[in-house]
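Please open the model in your viewer and keep the sequence panel beside it. The tour below moves from one selection to the next and says what is to be found at each stop.

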Amino acid sequence: MLRIHFTAEAFTRVRFAPRPSPVPELHAALMMLGAPHEELLFGRWRGRLLRALPGAAEPLADLVPGGVAPSFLDVLGETRQEGLALIRAARPECVRSELERVYAAGRAPVPPWIRALHAGSAEAWRVLERAQRAAYETVLAPVWPLVQDLHRAEFTRHALTVAERGLGAALTALAPGLRDGTWEWPGAPRDVHLSGRGLVLLPTFHWRGGPLVQDLPDRPVVLAYPAGGGLPPGPPAAPGEDALAGVLGRTRAELLRALTTPRTTTELARLLGVSNATASAHAQALRAAGLLTTTRTGRSVHHAVTPLATLLPKR
C-alpha cells in the first residue's frame, strides 16, 4: 500500500497539474510499451509503435536495465524542451549515483554511452536528447492534442469537485483511503512523507499500472496516476481544424481570443464586426459558462477571461 503522509502545511500545498507534462507522459508510454499486461487493449498499439520506433530511440532502453529508471529523469515541464532542459540540469553527482544504482545488480553490461554519461560527456547527453526527441516524435507527438484535451477535462472535473465539495472530496475520488493525515493508494508498500513540500497530482493517459511517484529532495512530490479510459486514442484533429469554434461557435471562440486584455463590450463588438447587443449576448453566454467575468466601472463594462478559459485550446 502506498501511504502519503500529510502535514497541515502540506495539505494546503496540494495542487492538480493544470496542463500535461510531455516528459512524464512519454516515459509512461515507453513503460507501457514494455509492459506485458493488457494485451487485448494495448496489443495493436504496442505492436504498431514498436515497429515505428526509430533506432535513434533505442538508447532509452539502456537507462532502465532492470525496469527502474534513474530519478534524474523525473521532471515536469510544460514542453518537451523544458523537460529535457530540467533533465540536463541534474547535478552531476545525482546522475552518477543514479546510474550506479540502476546498474548495481550487474546483470546487464554497461553500454559505452552510459559510461560516458556517467563521466559527464557532452556527446552522451546529446545521445540522450536525440533518443528522447525520436521517441517523442513517434510515440507522443501524434496524440499530443488528444492528451491535452483529456488532461483539460480531467483538470476541470477535479477543479469543480474542489470548488463544490472541497479538496478532501477530490482526493478521495481518486483513492478513497484518506484518514488521519494519511492517504492510501493500492500499490507496492511505500511511505512518502511530504513534510511541507506539497503534492502535485498529474494524470497520465498511457500508464495503466499503479501510481508513479516522483519523490526528490527539495521538490514537491509528484504523483502520476492513470486517468481516463486509456489509449490507444482516436485520430488527432485534422490540420487547421478549430476545435474551440466547433464547441463554442466561431464568434464566441473569437471573442475569447480577443480578450488578451480586458475589453469593453464596444471594443469587442468592433473587433468581431458585430453589434454591441450581439457582443453583449455572447459575453453573457460565456460568463454563464464560467469562461469570462464582467465588471462595471462607472458607465463602462469590462470583460476578462477566467483561469478556466486560459486552459482552453487556442485553436
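Begin by selecting Val274, which touches Ala269 and Ala279 when residues up to four places away in sequence are not counted, a touch or contact being heavy atoms within 4.5 Å. Before going further, note that this is a predicted model, in which local features need pLDDT of at least 70 and side-chain atom pairs count only at pLDDT 80 or more, while totals for chains, interfaces and linings use all residues. Residues are numbered from 1 along each chain as its sequence is written, and side-chain values use heavy atoms, with hydrogens and water left out.

Val274 sits in the loop between helix H13 (265-272) and H14; helices (H or I, at least four residues) and strands (E, at least two) are DSSP runs, numbered from the N terminus. With a relative accessible area of 26%, Val274 is partly exposed, on a scale where buried means under 20%, exposed over 50% and partly exposed in between (1.4 Å probe, protein chains only).

Next, select helix H14 (residues 276-288), which lies across S10 and S11 and runs at about 120° to S10; axes here are lines fitted to C-alpha atoms, for helices over the stretch in contact, and angles run from 0 to 180 degrees between N-to-C directions. These strands belong to an open sheet of three, in the order S9-S11-S10, with antiparallel pairing, where two strands pair if DSSP finds at least two bridges between them. Its edge strands are S9 (263-264) and S10 (292-297), each pairing on one side only. Two bridges link S9 to strand S11 (residues 300-305), and Arg263 stands opposite His303 in S11.

Of its 65 residues, Trp183 and Leu201 touch the most other members, and H8 supplies the largest share, 10 residues. Apart from this core lies another, of 12 residues, which include Leu256, Ala269, Ala279 and Leu286. Select Leu201 and show its surroundings: leaving out residues up to four places away in sequence, its contacts include Val14, Phe16, Leu171, Trp183 and Tyr225.

Which residues does Gln132 contact, leaving aside its neighbours within four places in sequence? Gln132 lies in helix H8 (residues 122-140) and, at 2% relative accessibility, counts as buried; its contacts are Leu26, His27, Leu60, Leu73, Leu84 and Ile87.

Move on to a second open sheet, whose four strands follow the order S3-S4-S1-S5 with mixed pairing. Strand S3 (177-179) and strand S5 (190-193) stand at the edges with a single partner strand each, so one side of each has no neighbour in the sheet. S3 and strand S4 (residues 182-185) run antiparallel and are joined by three bridges, with Arg179 opposite Thr182 in S4.

Finish at the largest pocket, which holds about 1200 Å³ of space. Among the 44 residues that line this pocket, the closest to its centre are Met31, Val64, Gly67, Val68 and Ala69. A pocket is an open set of points on a 1 Å grid over the protein atoms alone, where a 1.4 Å probe fits, with protein on both sides within 12 Å along at least five of seven lines, and lining residues have an atom within 4 Å of a point. Points are joined across faces, edges and corners, and the volume is the space filled by probe spheres set on them. Select H2 last, as H2 gives the most to this lining, with eight residues.

Key
A nonpolar core is a set of buried Ala, Val, Leu, Ile, Met, Phe, Trp, Tyr and Cys residues joined through side-chain atoms within 4.5 Å.
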